[in-house]
Amino acid sequence: QVQLVESGGGLVQAGGSLRLSCAASRRTFVEYAMGWFRQAPGKEREFVSRISWSGSSTYYADSVKGRFTISRDNAKNTVYLQMNSLKPEDTAVYYCAADPLSPRVAAGKTRISDFNSWGQGTQVTVSS
């Protein structure tokens, strides 16, 4: 497993932007597909986005498509989530996760069980 640490959360007004970062502890970061999930109060954790090991393939939940962009910098062992046009319904704790078993895949691997390492989460609050 790999240790993951998220940062970049905060309070933002509706329509604003935030960029989340997730730093991984291992140099083998390049061997993992990475994902972002979120969990709102009283709701189940849900998939947000996923990126393949090279960054060439990405996949998004319909609720964030066109507003969020996932990217990665393998030299820095970091994955990012750029969030634009934020809505109050985007308010949640955001988690990054790593999948070592299907590094080339973006679409089709969106379940919580597809990932074996998780960060502690970072809070994103969008005010109306």
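Author: A residue is called buried when its relative accessible area is under 20%, exposed when that area is over 50%, and partly exposed in between (1.4 Å probe, protein chains only). By that cut-off, 46% of the 128 residues of the chain count as buried. This is a predicted model, in which local features need pLDDT of at least 70, side-chain atom pairs count only at pLDDT 80 or more, and totals for chains, interfaces and linings use all residues. Residues are numbered from 1 along each chain as its sequence is written, and side-chain values use heavy atoms, with hydrogens and water left out.

Reader: How many helices and strands does the chain have?

Author: Helices (H or I, at least four residues) and strands (E, at least two) are DSSP runs, numbered from the N terminus. On that definition the chain has zero helices and eleven strands.

Reader: What makes the chain as compact as a globular protein of that length?

Author: The radius of gyration is taken over C-alpha atoms, and the globule rule is 2.2 Å times the number of residues to the power 0.38. For 128 residues the rule gives 14 Å; the chain has 13 Å, close to that value, so it is as compact as a globular protein of that length. The C-alpha trace spans about 40 × 25 × 25 Å along its principal axes.

Reader: Which residues have the most contacts inside the largest nonpolar core?

Author: A nonpolar core is a set of buried Ala, Val, Leu, Ile, Met, Phe, Trp, Tyr and Cys residues joined through side-chain atoms within 4.5 Å. The largest such core has 33 residues, and Met34, Trp36, Leu81, Met83 and Tyr94 have the most contacts inside it. Among the elements that give two or more residues to this core are strand E4 (33-39), strand E8 (78-83) and strand E9 (92-99). E9 provides the largest share, five residues.

Reader: What is Leu81 in contact with, leaving aside its neighbours within four places in sequence?

Author: Contact means heavy atoms within 4.5 Å. With those neighbours left aside, the partners of Leu81 include Leu18, Leu20, Trp36, Val48, Phe68, Ile70 and Tyr94.

Reader: Is Asn77 buried or exposed?

Author: Asn77 has a relative accessible area of 13%, so Asn77 is buried. Asn77 sits in the loop between E7 and E8, and has a positive phi of about 55° although it is not a glycine.

Reader: Why does Ser85 count as partly exposed?

Author: The relative accessibility of Ser85 is 41%, so Ser85 counts as partly exposed. Ser85 lies in the loop between E8 and E9. The phi of Ser85 is positive, about 50°, although Ser85 is not a glycine.
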